[in-house]
Amino acid sequence: MDDCFRPGNLEALQNLICPPKDDSDEEDDLPQAGARKLGPSDIGAPSDPSPSDRSGPHAPLQGAGDDIWHPSEAADTRSSHQDYDPRKAPEYEMKFKQAVTAEDVYLGMGFKTPSTASCEWLSVLVKLPQETREEVELSVESEAIDVRSPRYRLHLPTPHPVDPNASSAKWHNDTSTLEVTLRLARELDNVNF
């Protein structure tokens, strides 16, 4: 008889082609007696935790009420960008502006859209009550503006890069408001317009 057709070899070939059913993949196969299936309601902390589970360095943080995270887990983004300053932050308002012509408005011949992608200017109005023009200091950088006075300080990152040399500022005495007009210097503006 030939060596390749022995009963052991045929059985091995049969196991390769049609493997025997393994019962270990069944869902009802539980490793412990008295164990139960877990479901979506079992996610999270147990309903009756023992006191030893709540102590130590690996204990879960407990927030007040229905907080999603513990206050120690939330990063303070303001302190990472600027130093502590006891002065109040003033109210401000940002507006995007675009230069449109009659062709854009009436004929629709230009490529302008009402979106901020078609805007060339960013106007920032900073309300500084009880301040005068002489007390206000303004610094414009390509990524942020900084407004300082004896009572107020505002460090404001701009949503897009700006050209500090093509920007202007105007003081309104009647409302004690500083209006800063910033020329946007986005990367693809020369291609799009």
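Reader: How do β4 and β5 pair, and over how many bridges?

Author: The β4 and β5 strands run antiparallel and share five bridges; two strands pair if DSSP finds at least two bridges between them. Strands are DSSP runs (E, at least two residues), numbered from the N terminus. This is a predicted model, where local features need pLDDT of at least 70 and side-chain atom pairs count only at pLDDT 80 or more, while totals for chains, interfaces and linings use all residues. Residues are numbered from 1 along each chain as its sequence is written, and side-chain values use heavy atoms, without hydrogens and water.

Reader: What stands opposite Val 147?

Author: Leu 154, in β5.

Reader: New topic. Which residues touch the most other members of the largest nonpolar core?

Author: Among them are Leu 128, Val 136 and Val 147, in a core of 16 residues. A nonpolar core here is a set of buried Ala, Val, Leu, Ile, Met, Phe, Trp, Tyr and Cys residues joined through side-chain atoms within 4.5 Å. The largest share, four residues, comes from β7.

Reader: Where is Ser 176, and why does it count as buried?

Author: Ser 176 lies in the loop between β6 and β7. It counts as buried because its relative accessibility is 15%, and buried means under 20% relative accessible area (1.4 Å probe, protein chains only).

Reader: What does Ser 176 touch?

Author: Leu 128 and Trp 171 are among its contacts, not counting residues up to four places away in sequence; contact means heavy atoms within 4.5 Å.

Notes. Buried means under 20% relative accessible area, exposed over 50%, partly exposed in between (1.4 Å probe, protein chains only).
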